[in-house]
Amino acid sequence: MIHYYYGFGKGKTSSALGVGLRARGNDMSVLLVRFFKDNKSSELASAPFDIYPAPEKIPFNVGVEEYLPWVKKALEHVKSSNYEVVILDEFADLIPKFISFDEAKSVLSDSSREYIITGHYHNEALNEIADYVTRFEKEKHPYDNGVQARKGIEY
């Protein structure tokens, strides 16, 4: 099945990783692929599943030409692998700037897998094919008052 967690509220990645933890606790194979993120998040040190290596540095507004080759390699890895659960963190934000919806759909085509997708923006086409859809909406966040992201809490 396909899970789609989107919005600007905190907790999308944490929820996706929670599903991954539950799956590993049941001896399922899990792959995490993180888009628009580098290798510096704290959860990477303790995640009990495979993690596709992200680029060492990613600019805030990364361009298509510089990022697309890595995206294509990551997506080919997903399609050619045999993981039972695939977490595609910030995958929804690839559409349509980096990949088309049809390309995204081809990555999600193995019906024997569980896919967990996160992203900020709502995508109606993803919404239609997903089995679980959850919107995360921020009501209040310390960042609104100038508090920067804290290691171990936000990253």
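Tutor: Phe35, Phe36, Tyr52, Tyr67, Trp70, Phe91 and Phe98 are joined into a cluster by ring pairs. Rings of Phe, Tyr and Trp (its six-membered ring) count as a pair if their centres lie within 6.5 Å; planes under 30 degrees apart are called stacked, over 60 edge-to-face, and the rest tilted. A word on where this comes from: the model is predicted, so local features need pLDDT of at least 70 and side-chain atom pairs count only at pLDDT 80 or more, while totals for chains, interfaces and linings use all residues. Residues are numbered from 1 along each chain as its sequence is written, and side-chain values use heavy atoms, with hydrogens and water left out.

The structure holds 10 aromatic pairs. Take Phe35 and Phe91: their ring centres are 5.9 Å apart and their planes sit at 55 degrees, so this pair is tilted. Phe35 is in the loop between strand E2 (30-34) and strand E3 (50-51), and Phe91 is in the loop between strand E4 (85-89) and helix H3 (101-107), so the pair ties together parts that are 56 residues apart in sequence. Those labels are DSSP runs, numbered from the N terminus: helices (H or I) have at least four residues and strands (E) at least two.

Buried here means under 20% relative accessible area, exposed means over 50%, and partly exposed is in between (1.4 Å probe, protein chains only).

Now look at Tyr67 and Phe98. Their ring centres lie 5.7 Å apart with planes at 85 degrees, so the pair is edge-to-face. Tyr67 belongs to helix H2 (residues 64-80) and Phe98 to the loop between E4 and H3, so here the linked parts are 31 residues apart in sequence. Tyr67 is buried at 2% relative accessibility, and Phe98 is buried at 7%.

Next come the charged side chains. The structure holds 10 salt bridges, each one a side-chain nitrogen of Lys or Arg within 4 Å of a carboxyl oxygen of Asp or Glu. Helix H2, where Tyr67 sits, also carries Glu76 and Lys79, three residues apart, or about one turn of the helix. Their side chains meet in a salt bridge at 3.5 Å, N to O. Glu76 is partly exposed at 46% relative accessibility, and Lys79 is partly exposed at 38%.

Asp38 and Lys40 form a salt bridge as well, with their closest N and O atoms 4.0 Å apart. Asp38 is partly exposed, at 23%, and so is Lys40, at 46%. There's also a network of salt bridges that links Lys37, Asp89 and Glu90.

Arg150 is partly exposed at 40%, and Glu154 is partly exposed at 27%. As a last stop, find Asn145 in the segment after strand E6 (132-136). Asn145 is exposed, with a relative accessible area of 64%, and its C-alpha atom is separated by 35 Å from that of Ala130, 15 residues away along the chain.
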